[in-house]
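Please look over the sequence and the model below before reading on.

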Amino acid sequence: MSAHSMLAANAVRWLAGRKVIVDGVSVSVEPGQTLGLIGPNGSGKSSLIRLLAGLRAPAEGDVMLDNRKISGFGRRELARRVAVVEQHSMTEANVTVLDVVKLGRTPHRSALSLWTGADDEIVENALVRVGLTDRRDQFWHTLSGGERQRVQLARALAQSPSVLILDEPTNHLDIQHQIDILRLVEDLSVTTVVAIHDLNLAARFCDRIAVLSEGKLVTCGPPAEILTEKMIADVFGVEAHVSTSAHHGRLHIQFLM
Amino acid sequence: MTPSRIRLLAAGTAGVLLVLVALLVAITAGVAIGEMTIPMKTTAAAVTNRLGLTDIAVPRIQEAVIWDYRLSRSLVAAFCGAGLALSGAILQSLLRNPLAEPYVLGISAGASTGAVSVMLLGFGAGAISLSAGAFAGALLAFAFVVMLASGRQTADRTILAGVAASQLFNALTSYIVSTSANAEQARSVMFWLLGSFAGVRWPDVALAASVVSIGLVVCIWHSRALDAFTFGEDAARSLGIAVQRVRVVLLLVTALMTATMVSMVGAIGFVGLVIPHAARFIVGPGHMRLLPACALVGALFMVVADIVSRIIIAPQVLPIGVVTALVGVPFFSVILYRARRGA
């Protein structure tokens, strides 16, 4: 894994048509840390993720990678540093697990350069990391949702990134697979940004949490400071009881319904 | 290289050689079959004579039929099949739509309108050729489809836009033919619209060969970028692909190949749809192998289809589009059925 990177958004703004989706948000992730993005549906999490990944250009403000504007990076140069896992990857193509993971080497190769032994090794390591070495020849469309996300994670790792950006990677998964994916991400030493729905999982896996609402940043900080009963009531409109779990010592959020 | 990769490479090379030999045999058969039956040996002799390799006596009339009529026809059929199959494969990958191809998306219809406009209305009056008119028409149809399908670009929206484009441009073509052509022109245009290799000559071979060769090289050059489109545009972008540039270049190349073929031999359907699917079954979805496979299999298919069109109701000739549809549709049904079971 390459050296840790620092990623920051400085007052970024993004519009879809005339509608403001992301409204002057500033967040940053320290090298090797994990930042969680939480907020209700339509709060601008996915759009902010796309801005941070350089997939969209902000109308105002800048995204900085190691204090350099990402708009100044070449496409391939950026793809060698930042890898993205989307919430739901779909394809009609009849690709195998191995085909997908090998896609991760794309930014490291020129148009006609040959596949090398080093590429093989990196792909192999990625497969080992997500525990799919014996499934390499299986077809994508025969995989479960959790397995597909693990394959996409392996593909992202094959990019050898220093920043990993995940857009609700556990959205369609059952709880076991949600934890499974987040554990894998936690064990990586890369700088990570993850949009996440489940507040308990956010509390468990993130070093810091940024709360978005209607495109604006509400607050940002360590989970214990951010995930308060008041914030949950204000932003999510839900009454909750927040306590420290006797089992794992982390925050435990109970919704009072 | 690992032993398994060497085995793969050997299998690939053997496969390519096999299809190349089949293509050569088919082209020779295409030259041999017709009103005047010419032995394959004579065909081979006529070709090697011309290349200056041999000096075997060949009856002059047979040589004329081989050289001025049938060989050029078979070669254009081969390049045409290759170009259409390649265009279909590119469109399917780029639009992530298994049903995309020039004919379905109305690109062929647009090219027909462009060519007919030049032919009957005298646009450009000799300054622009038939193929330039077809290219303009193809681009216009492309722009129409892209505009209609813009926004949330889902598979069915693209196809619906293509249906609309086909209807519009076919109607425009019919309108131009009805209002501007005399009876004889109208008949020949309608025959050409259904697809026909009659009347192609060596200049057509040169044009088809250069356009398809350029197209093949450009497409193969972008094969890794096309692989990166597997999970859509954002995924391709996040893998470092210049999505916009790749799309524009490849759509232009596709329009150019389609327009060249349409201006020469009319709109031929189903080749662009069926061949890429067949090729994927043989070599898998990786474009580095898929694109050459499409070109080869497409060429072979079209040469054989041309032969079938000439012998099925001999001495008359069926429009080639009829043959490709009659062969293509059942074949496609099998693919659809198997894909359903496989999924």
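In this predicted model, buried residues account for 42% of the 257 residues of chain A. The secondary structure of that chain comes to nine helices and 12 strands, and its radius of gyration is 18 Å, close to the 18 Å that the globule rule gives for 257 residues, so chain A is as compact as a globular protein of that length. Taken along the principal axes, the box that the C-alpha atoms of chain A fill is roughly 55 × 40 × 35 Å. If one considers the contacts in chain A between residues at least 6 apart in sequence, 68% of them join residues that are at least 24 apart.

A:Val63 lies in strand β4 of chain A, which covers residues 60–65. Is A:Val63 buried or exposed? Because 22 other C-beta atoms lie within 10 Å, A:Val63 is buried, the cut-off for a buried residue being 20 or more. Leaving aside residues up to four places away in sequence, A:Val63 touches A:Ala9, A:Val12, A:Leu51, A:Leu52, A:Gly54, A:Pro58 and A:Ile70. As for A:Ala16, which is 47 residues apart from A:Val63 along the chain, the C-alpha atoms of these two residues are separated by 18 Å.

In chain B, a pair of helices can be followed in the same way. Helix α5 (residues 130–148) of chain B packs with helix α11 (residues 243–265) of chain B at an angle of about 135°, their axes being 8 Å apart, and α5(B) and α11(B) are therefore oblique to each other. The crossing in which α5(B) passes α11(B) is right-handed. On the side of α5(B), the residues that make the contact include B:Phe135, B:Leu139 and B:Phe142, while those of α11(B) include B:Leu251, B:Leu256 and B:Val262. Divided by class, the residues of this contact of α5(B) with α11(B) are 11 nonpolar, four polar and no charged.

The last step concerns the two chains together. Their contact takes 22 residues from chain A and 20 residues from chain B. On the side of chain B that touches chain A, α9 (223–228) and α10 (233–238) of chain B each supply at least two residues, and α10(B) gives the most, with four residues. By class, this side of chain B has 10 nonpolar, four polar and six charged residues.

Key: Residues are numbered from 1 along each chain as its sequence is written. Chains are lettered from A and ligands numbered from 1 in the order in which they are written. This is a predicted model: local features need pLDDT of at least 70, side-chain atom pairs count only at pLDDT 80 or more; totals for chains, interfaces and linings use all residues. Two residues are in contact if their C-beta atoms, placed from the backbone, lie within 7 Å. Ala, Val, Leu, Ile, Met, Phe, Trp, Tyr, Cys and Pro count as nonpolar, Asp, Glu, Lys and Arg as charged, and the others, Gly among them, as polar. The radius of gyration is taken over C-alpha atoms; the globule rule is 2.2 Å times the number of residues to the power 0.38. A residue is buried if 20 or more other C-beta atoms lie within 10 Å of its own, exposed if 12 or fewer, and partly exposed in between; C-beta atoms are placed from the backbone. Axes are lines fitted to C-alpha atoms, for helices over the stretch in contact, and angles run from 0 to 180 degrees between N-to-C directions. Angles under 35 degrees count as roughly parallel, over 145 as roughly antiparallel, 65 to 115 as roughly perpendicular and the rest as oblique. A crossing is left-handed if the near helix is turned anticlockwise from the far one by less than a right angle, and right-handed if clockwise.
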